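I opened my notebook to work through this one bit by bit. Here is what I looked up.

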Amino acid sequence: VQLQASGGGLVQAGGSLRLSCAASGRTFSSYVIGWFRQAPGKEREFVAAISGSGGNTNYVDSVKGRFTISRNNANNTVYLQMNSLKFEDTAVYYCVADIRASFDPDTWGYWGQGTQVTVSS
């Protein structure tokens, strides 16, 4: 599966952005889709993931209540709605895919290119 992330940009603290991850392939609904982020000088961090059916989601504690992951299997797209953005959310965000979810970035087999999110304080 090939992944294409988009929707990043510059936003003030407290603002919102919606990231999109468009995927190719006819078996999109078979994959768990996730988002990782990497800030300068830091390791990649799990942000959120959603099951193939969309019925199960997971979030890192720091984004719970602010970020929402969703998917539309009809158009092979996953979304990450980010509200109440904070300066510390600044990072390159990557969408990822695999048959099962994990907090370990090395276990995800498919990565899209990153999209930069910059939150000004």
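**Notes on a predicted model**

I started with the lining of the largest pocket, and I sorted its residues into 4 nonpolar, 3 polar and 8 charged.

Which residues lie nearest the centre of the largest pocket? I found Arg 37, Ala 39, Lys 42, Glu 45 and Glu 88 there, out of 15 residues that line this pocket. I also noted that strands S4 and S9 each give at least two residues to the lining. For the volume of the largest pocket I wrote down about 230 Å³.

Next I went looking for disulfides. How many does the structure hold? I counted 1. This disulfide links Cys 21 with Cys 95, and the S to S distance is 2.3 Å. Cys 21 sits in strand S3 (residues 17–23) and Cys 95 in strand S9 (residues 91–98), so the pair ties together parts 74 residues apart in sequence. The torsion about the S-S bond is about 70°, so I put this disulfide down as right-handed.

Are the two cysteines buried or exposed? Cys 21 has 0% relative accessibility, so it counts as buried. Cys 95 is buried too, with a relative accessible area of 0%.

Then I turned to the nonpolar core. The largest one has 35 residues, and Trp 35, Leu 80, Met 82 and Tyr 93 have the most contacts inside it. Among the strands that each supply at least two residues of this core are S3, S4, S8 and S9.

Last, I picked Met 82 and looked up its contacts beyond four places in sequence: they include Leu 17, Leu 19, Phe 67, Tyr 93 and Val 117.

Conventions:
Residues numbered from 1 in each chain as written. Predicted model: local features only at pLDDT ≥ 70, side-chain atom pairs only at ≥ 80, totals over all residues. Heavy atoms only, no water. Disulfide = S-S within 2.5 Å. Helix = DSSP H or I, 4+ residues; strand = E, 2+ residues; numbered from the N terminus. Buried < 20%, exposed > 50% of the residue type's maximum accessible area, 1.4 Å probe, protein only. Core = buried A, V, L, I, M, F, W, Y, C linked by side-chain atoms within 4.5 Å. Contact = heavy atoms within 4.5 Å. 1 Å grid on protein atoms, 1.4 Å probe; cavity = no way out; pocket = protein on both sides within 12 Å on 5 of 7 lines; lining within 4 Å. Points joined across faces, edges and corners; volume = space filled by probe spheres on them. Nonpolar A, V, L, I, M, F, W, Y, C, P; charged D, E, K, R; others polar.
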